Amino acid sequence: GPLRGQISNAIDDGTAINFILGGRLDSPGAHPDLEFDATRAHDRLTLVTMIAPSPDWFLGIHGLPLRDNNGDWITSMTVGLDAYDAGTDSGPGFTSANADLTPHAPITNIQNDAPFAGLPQLASFTITLIDVMPCPADINRDGLADGSDFFAWVAAFGNGDPIADTNEDGTVSGSDFFSWVAAFGIGCE
């Protein structure tokens, strides 16, 4: 609950564009697929998943760049996930009884600490680029910039959909309409 609230606040502030809640991952061998959108203004990924059972351990990554040093989208990458301690429970083992930690300690990387020391990372994920929207005016993604894209932009704008952020400043606002009009004037190549 508190994490969802923080993410919702980040979306409202324009510092994040979406929140995706995946299903339970039983291991070994889980391979779920999730799709998400990224923009030039929001080109980083933060991912977190709990380790269960555990006191308060989780796997995660924060602010992973999805574009290379030239600004091009990375087409594929595999990333290992380190284990972290959330600092809210002092249990030493996977099945330790709850031992609330007050005050809470800082989140720390425990990949090289017991019980993880000497073990490979517990999980990895692969990100594969599916699509790059080559024509900002083509809101409905049919390969054309035409009148139907105007209605698609209006609908996206009304829903606060990040695809309406045609000036890619991280917010969906009236100024995006002028960016869409400019892109429409250029058309799709």
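Analyst: We will take some labels one at a time, in a model that is predicted.

User: How many aromatic pairs does a search of the whole structure find?

Analyst: The search finds twelve aromatic pairs. One of them is W57 with F116.

User: What makes W57 and F116 an aromatic pair, and why is the pair called edge-to-face?

Analyst: Take the distance first. Their ring centres are 5.3 Å apart, and rings pair if their centres lie within 6.5 Å. Now the angle. The planes stand at 70 degrees, and over 60 counts as edge-to-face. So the pair is edge-to-face.

User: Which parts does this pair tie together?

Analyst: W57 lies in strand β2, residues 57-65. F116 lies in the loop between β4 and β5. The two parts are 59 residues apart in sequence, so the pair ties them together.

User: Are W57 and F116 buried or exposed?

Analyst: Buried means under 20% relative accessible area. W57 has 5%, so W57 is buried. F116 has 1%, so F116 is buried too.

User: Why is the pair of W153 and F177 called tilted?

Analyst: The ring centres of W153 and F177 are 5.4 Å apart, and the planes are at 55 degrees. Stacked needs under 30 degrees, and edge-to-face needs over 60. W153 is in helix α2 and F177 in helix α3, 24 residues apart.

User: How do you know whether W153 and F177 are buried or partly exposed?

Analyst: W153 has a relative accessible area of 4%. That is under 20%, so W153 is buried. F177 has 28%.

User: Which residues do ring pairs link into a cluster?

Analyst: The cluster holds F150, F151, W153, F157, F177, F178, W180 and F184.

User: How do you know that the charged end of R67 sits over the ring of W73?

Analyst: The charged end of R67 is 5.5 Å from the ring centre of W73. The distance cut-off is within 6 Å.

User: Where is D169 found, and what makes D169 partly exposed?

Analyst: D169 is in the loop between α2 and α3. Its relative accessible area is 42%, between 20% and 50%, so D169 is partly exposed.

User: What does the side chain of D169 reach?

Analyst: The side chain of D169 reaches the backbone nitrogen of T171 at 3.0 Å. A polar contact needs N or O atoms within 3.5 Å.

Note on methods
Residues are numbered from 1 along each chain as its sequence is written. This is a predicted model: local features need pLDDT of at least 70, side-chain atom pairs count only at pLDDT 80 or more; totals for chains, interfaces and linings use all residues. Side-chain values use heavy atoms; hydrogens and water are left out. Helices (H or I, at least four residues) and strands (E, at least two) are DSSP runs, numbered from the N terminus. Buried means under 20% relative accessible area, exposed over 50%, partly exposed in between (1.4 Å probe, protein chains only). A polar contact is a pair of N or O atoms within 3.5 Å; within protein, one must be able to donate a hydrogen and the other to accept it, and residues adjacent in sequence count only if both atoms are side-chain atoms. Rings of Phe, Tyr and Trp (its six-membered ring) pair if their centres lie within 6.5 Å; planes under 30 degrees apart count as stacked, over 60 as edge-to-face and the rest as tilted. A charge sits over a ring if NZ of Lys or CZ of Arg is within 6 Å of the ring centre and within 35 degrees of the ring normal.
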